[in-house]
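Please look over the sequence and the model below before reading the notes.

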Amino acid sequence: MNNEAFLFLKQHIGKEVTQSPSPFMNWLKPKMVSVEEGKLSFEYTIRKEMTNPFGTMHGGVIGAIIDDAIGATLISYGEPHFYVTINNVIDYFASAKENDVIISETAINKKGKTIVNAQCEIWNKDRTKLLAKGYTNLLKTDIK
């Protein structure tokens with residue numbers, strides 16, 4: 001893969017994302033771990049504002065990480081079109097707490113002409129515990 005967007009992503013491996021076009025991604029403060037065509041991995045440190053009243057990571061934040069990370073993965077193709085999420089189905093298996101480090105790993109399962117099917121797994125830092133897994137379909141728009 002040798003498109004401009006892919007090379008841009010590769011340059012950010014090991015760095016915190018601070019200049020994303022997504023203000024929400026900037027708020028999440030992920031660190032880029034790996035970049036392949038159709039696959040990205042990010043690392044996140046759970047902050048207090050990401051937790052629920054029980055002190056564990058809020059399910060909505062997990063859902064947002066899944067959605068945002070998958071959206072970023074589409075950038076690796078260097079395609080000019082914007083995609084919107086049609087659905088997002090998440091299975092929750094375990095929790096994380098403040099100051100824990102988690103990993104998101106995305107994969108594009110099928111990239112059609114107008115619909116993309118993708119998944120994202122959320123792991124603890126040493127990848128011994130799967131915290132959540134999300135599946136989504138995205139629709140290609142005319143927005144460039």
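A residue counts as buried under 20% relative accessible area, as exposed over 50%, and as partly exposed in between (1.4 Å probe, protein chains only). By this rule E43, at 15% relative accessibility, is buried. The structure is a predicted model, in which local features need pLDDT of at least 70, side-chain atom pairs count only at pLDDT 80 or more, and totals for chains, interfaces and linings use all residues. Residues are numbered from 1 along each chain as its sequence is written, and side-chain values use heavy atoms, with hydrogens and water left out.

**Strands and their pairing**

- Helices (H or I, at least four residues) and strands (E, at least two) are DSSP runs, numbered from the N terminus.
- Two strands pair if DSSP finds at least two bridges between them.
- Strand β6 (residues 130–140) pairs with β3 in the antiparallel sense over nine bridges, and Y92 stands opposite A132 in β6.
- β6 also pairs with strand β5 (residues 115–124), in the antiparallel sense and over nine bridges; here T136 in β6 is the bridge partner of A118.
- β5 and β6 form a hairpin with five residues between them, and R127 in the turn has a positive phi of about 60 degrees.
- D91 lies in strand β3 and is partly exposed, because its relative accessible area is 36%.
- The C-alpha atoms of D91 and L131 are separated by 8.6 Å, although the two residues are 40 apart along the chain.

**Salt bridges**

- A salt bridge is a side-chain nitrogen of Lys or Arg within 4 Å of a carboxyl oxygen of Asp or Glu.
- The whole structure has eight salt bridges.
- One of them joins K125 to E43, with the closest N and O atoms 3.0 Å apart.
- This pair links distant parts of the chain, 82 residues apart: K125 is in the loop between β5 and β6, and E43 is in strand β2 (residues 39–45).
- K125 has a relative accessible area of 47%, so K125 is partly exposed.
- K31 joins E43 and K125 in a network of salt bridges.
- R127 and E105 meet through their side chains in another salt bridge (2.5 Å, N to O).
- R127 lies in the loop between β5 and β6 and E105 in strand β4 (residues 101–111), so their contact ties together parts 22 residues apart in sequence.
- R127 is partly exposed at 37%, and E105 is partly exposed at 25%.
- K97 and D100 form a salt bridge as well (3.6 Å, N to O).

**A nonpolar surface patch**

- Patches are made of residues with over 30% relative accessible area and no salt bridge; like charges are joined within 9 Å, and nonpolar side chains (Val, Leu, Ile, Met, Phe, Trp, Tyr) within 5 Å.
- Accessible areas come from the Shrake-Rupley method with a 1.4 Å probe, and for residues only the protein chains shown count as cover.
- F82, V84, I86, I115, L139 and I143 form a nonpolar patch on the surface, with about 500 Å² of accessible area together.
- V84 is in strand β3 (residues 83–92) and counts as partly exposed because its relative accessibility is 33%.
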